[in-house]
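Please read them with the sequence and the model side by side.

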Amino acid sequence: MVNRIFFIMVAVGVPLSVIGSLLHWPSVLMFVIYCLTIIALAGYMGRATESLAIVAGPRIGGLLNATFGNAVELIISIFALKAGLVTVVLASLTGSVLGNLLLVAGLSFLIGGVKYKRQSFNVYDARHNSGLLIFSVILAFVIPEVFSMEMTDSETFTLSIGISIILILLYLAALFFKLVSHRGIYQHESDQVEEHEEPEWSKGKALTILALATVAVGYVSENLVHTFEVVAEAFGWSEIFIGIIIVAIVGNAAEHASAIIMAYKNKMNIAVEIAIGSTLQIAMFVAPLLVLISLFFDTKMALVFTMPELISMITAVFLTISITNDGETNWFEGGTLLAAYAIMGIGFYLL
């Protein structure tokens, strides 16, 4: 049923996106069409990566889901950077961190916990990810904010470039550690009980759909960015709210759906890898990459967030670590994460 709805949304949404942009339909209407179309396209990307994940295993599968899920937001952010909307881009990065740690993980733990009283996942991965979360989100994001108080804009951007390069190198080292040098060393009983499942699509079909969906998302995203200012004025939304809530949810729709489905199937290793792994990829790869990409645009982007953004991300990190470090989850812990996300959403709406 859901797949049929996504098919209709893509079949209708993509042509309407093209026709509406050519005929200059109202920006608010096009904003809705673009968002729904991107969510539907992200659904196809999620199904394709899920098929690849079944073949590749939980760790690589979670990485694939996170990577292609974040590809949507990366595309949107690049076009927003090109348009000079740095505030929206930084807010969308904050929204991704909050969305993955609180909304995605919260819904996964809640929905999975309703079906299963107790769900477990690899505790060694959880502890490994905890250290990376503290380093990438807290250390790497707080340092530019603190030092920027005594620096010029040029010096702050130079510091951001240095931090970005270090983050990307450490992220690549973390992937090598988990997938190559220490692959299979830290095993958990839940790694062994995943039942065999046939992929929905073949490898070739899944890769083809991924490529086509990514191209379509790129086109729709470029047009979506141009509607932000009009929509903000029409609904009274701030750029920060658009970035943190709207862009983050639309941009991460694929992994949202994938993580929840995996949790419902009691495949918590993949669900947690999507939620936590996606956060790490945003903080250690996507955000630094956007800083480096901004070198080629008129408006440069430094890794300097507002105080509400920083405090929200730090709170989300520590709450997630406290809940996941035992390697077990239940529906109440999921509800706790969702409550935190709701509180922060209200706060950003009222800013």
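This is a predicted model: local features need pLDDT of at least 70, side-chain atom pairs count only at pLDDT 80 or more; totals for chains, interfaces and linings use all residues.

Which backbone oxygen does the side chain of Ser17 reach?

1. The side chain of Ser17 reaches the backbone oxygen of Gly13, at a distance of 2.7 Å. Ser17 is found in helix α1, and with a relative accessible area of 0% this residue is buried, because the term covers anything under 20%.

2. Once residues up to four places away in sequence are set aside, Ser17 touches Met30, Ile33, Tyr34, Thr37, Tyr219 and Val220. As a further point of orientation, the C-alpha atoms of Ser17 and Phe79 are separated by 16 Å, the two residues being 62 apart along the chain.

3. A nonpolar patch on the surface is formed by Val18, Ile19, Leu22, Leu23 and Tyr219, which together have about 450 Å² of accessible area. Helix α1, spanning residues 2–23, supplies the largest share of this patch, namely four residues. Ile19, found in helix α1, counts as partly exposed at 38% relative accessibility, while Tyr219, another member of the patch, is also among the residues that Ser17 touches.

4. The largest nonpolar core holds 108 residues, of which Leu93, Leu98, Phe141, Phe228 and Met301 touch the most other members. The greatest contribution to this core, 16 residues, comes from helix α12 (residues 268–293). Nonpolar side chains do tend to be buried together in soluble globular proteins.

5. Ser130 has its place in helix α5, which runs over residues 123–148, and counts as buried at 7% relative accessibility. Apart from neighbours within four places in sequence, Ser130 is in contact with Ile321 and Asn325.

6. Two backbone angles deserve a look. His24, although not a glycine, has a positive phi of about 60°; this residue lies in the loop between α1 and α2 (27–56) and is exposed, with a relative accessible area of 67%. Asn266, likewise not a glycine, has a positive phi of about 65° and is found in the loop between α11 (253–264) and α12, where Asn266 is partly exposed, with a relative accessible area of 35%.

Methods
Residues are numbered from 1 along each chain as its sequence is written. Side-chain values use heavy atoms; hydrogens and water are left out. Patches are made of residues with over 30% relative accessible area and no salt bridge: like charges are joined within 9 Å, nonpolar side chains (Val, Leu, Ile, Met, Phe, Trp, Tyr) within 5 Å. Accessible areas come from the Shrake-Rupley method with a 1.4 Å probe; for residues, only the protein chains shown count as cover. A salt bridge is a side-chain nitrogen of Lys or Arg within 4 Å of a carboxyl oxygen of Asp or Glu. Buried means under 20% relative accessible area, exposed over 50%, partly exposed in between (1.4 Å probe, protein chains only). Contact means heavy atoms within 4.5 Å. A polar contact is a pair of N or O atoms within 3.5 Å; within protein, one must be able to donate a hydrogen and the other to accept it, and residues adjacent in sequence count only if both atoms are side-chain atoms. A nonpolar core is a set of buried Ala, Val, Leu, Ile, Met, Phe, Trp, Tyr and Cys residues joined through side-chain atoms within 4.5 Å.
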